[in-house]
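Dear colleague,

I am handing over the structure below, together with some notes on what was found in it. Could you read the notes with the coordinates open beside you?

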Amino acid sequence: MIGEMRIGLLIYGSLDTVSGGYYYDRRLVASLQERGHAVQLFSIPRRNATAALIAALSFHLPPDLDLLIQDELTHPSLFSANRLPHAYPVISLVHHLRSSEDYPAAQKFFNRIIEASYLRSVDGFIFSSKTTQQAVHALIGDGRPSVIAYPPTDRFSPVLAEAGIAGRANQPGPLRILFVGNLVPRKGLSVLLTAISGLPANSVILNVVGSRQADPVYAKKITAQVAGLGLQASIEFHGFLDDESLQKQLEAAHVLVVPSSYEGFGIVYLEGMAFGLPAIGTTAGGACEIIQPGENGFLIQPGDAAALTVYLIALMTDRNLLAQLSLKALASYRQVPAWDQTVDSIHDFLLGRLA
């Protein structure tokens, strides 16, 4: 019988980095430790693609482990080391593929080559969604063992019941929109701003929660876009918020809008639904696994600000529709498997790699 496992987790940078993927990693570490396993963290400096590939030639996997989990986003630094002899299984934790993101054609082609090489070098996968599983299978086939383990969505303690959610939807006044995500191009804030600019003045309030430091150049462009569209009076930027402050934003909003060009899953959509917030995302990536159009939110094509404007007008002018979608969003959240169940499946999968 296998007892305590010595598990390594290899990531870029700090485990405290603010993002859905790092939150998943933190929760996974804590949950495996609670089950009696020794989890050791290994951090690689984040570099640009060229520097990472050069550094990869001299990188070696850590010794004295029973199993190593690698966050897949570290793949430029690892594709070579994984091919050297090592005494334990290597499992890739795939939140989403870089080659699935919206890059220029030449860069996307290069990303696919490097990523496919890395994916073929591991012994199995933990996928955060069916979408990531399908993306990997499309790239390298499906011959390696894997488990689908959806992210944890239980970090908040919602206090609004059905009556409160319906009452909030029918409150008079502007439609209160919430955007949660670091200010990076992939999250689609620029698309949301363009959509809002097509709405009547003073008809919406947008609260933006997310770090400006992830991409300072893009953050400056967002500031300039807000000024150019004359939206300063309708938007408040909060930066990074702790859980208590973010929960207050989730309780007060009417709808969550994060029109990302790609999401491997999109924890934030379900976290919003825990508070009865319909979600608006895009058809690219894992949002399709969460959002049922016309039921608990809407999906647009990436970059389609005009369609987003139409949906926002519908929610703004038809509060009965907003209430219906809000209640169905809450019902959708309640159907999500508990994190403990998810960790049980990961745990069993890891044990199976050692059998």
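For the helix pairs below, the axes are lines fitted to C-alpha atoms over the stretch in contact, and the angles run from 0 to 180 degrees between N-to-C directions. Please keep in mind throughout that this is a predicted model.

The pair to begin with is helix H6 (residues 189-196) and helix H10 (residues 305-317), whose axes come within 8 Å and cross at roughly 60 degrees. That angle makes H6 oblique to H10, and the crossing of H6 and H10 is right-handed. On the H6 side the contact is made by Val191, Leu192, Thr194, Ala195 and Ile196, and on the H10 side by Ala305, Leu308, Thr309 and Leu312. Sorted by class, the residues of this contact between H6 and H10 come to seven nonpolar and two polar, with no charged residue.

Next come helix H1 (residues 20-34) and helix H12 (residues 339-354), whose axes come within 11 Å and cross at roughly 70 degrees, which makes H1 roughly perpendicular to H12. H1 contributes Tyr24, Arg27, Leu28, Ser31 and Leu32 to the contact, while H12 contributes Trp339, Val343, Ile346, His347 and Leu350. Here the residues of the contact of H1 with H12 divide into seven nonpolar, two polar and one charged.

The residues of the contact of H3 with H4 comprise five nonpolar and two charged, with no polar residue.

Which residues line the second largest pocket? The lining consists of Tyr150, Phe265, Leu270, Glu289, Ile290, Gln292, Asn296, Ser332, Gln335, Val336 and Pro337. By class, the lining of this second largest pocket has six nonpolar residues, four polar residues and one charged residue.

With kind regards

Methods: Residues are numbered from 1 along each chain as its sequence is written. This is a predicted model: local features need pLDDT of at least 70, side-chain atom pairs count only at pLDDT 80 or more; totals for chains, interfaces and linings use all residues. Side-chain values use heavy atoms; hydrogens and water are left out. On a 1 Å grid over the protein atoms alone, a cavity is a set of points where a 1.4 Å probe fits but cannot get out, and a pocket is an open set with protein on both sides within 12 Å along at least five of seven lines; lining residues have an atom within 4 Å of a point. Ala, Val, Leu, Ile, Met, Phe, Trp, Tyr, Cys and Pro count as nonpolar, Asp, Glu, Lys and Arg as charged, and the others, Gly among them, as polar. Helices (H or I, at least four residues) and strands (E, at least two) are DSSP runs, numbered from the N terminus. Angles under 35 degrees count as roughly parallel, over 145 as roughly antiparallel, 65 to 115 as roughly perpendicular and the rest as oblique. A crossing is left-handed if the near helix is turned anticlockwise from the far one by less than a right angle, and right-handed if clockwise. Contact means heavy atoms within 4.5 Å.
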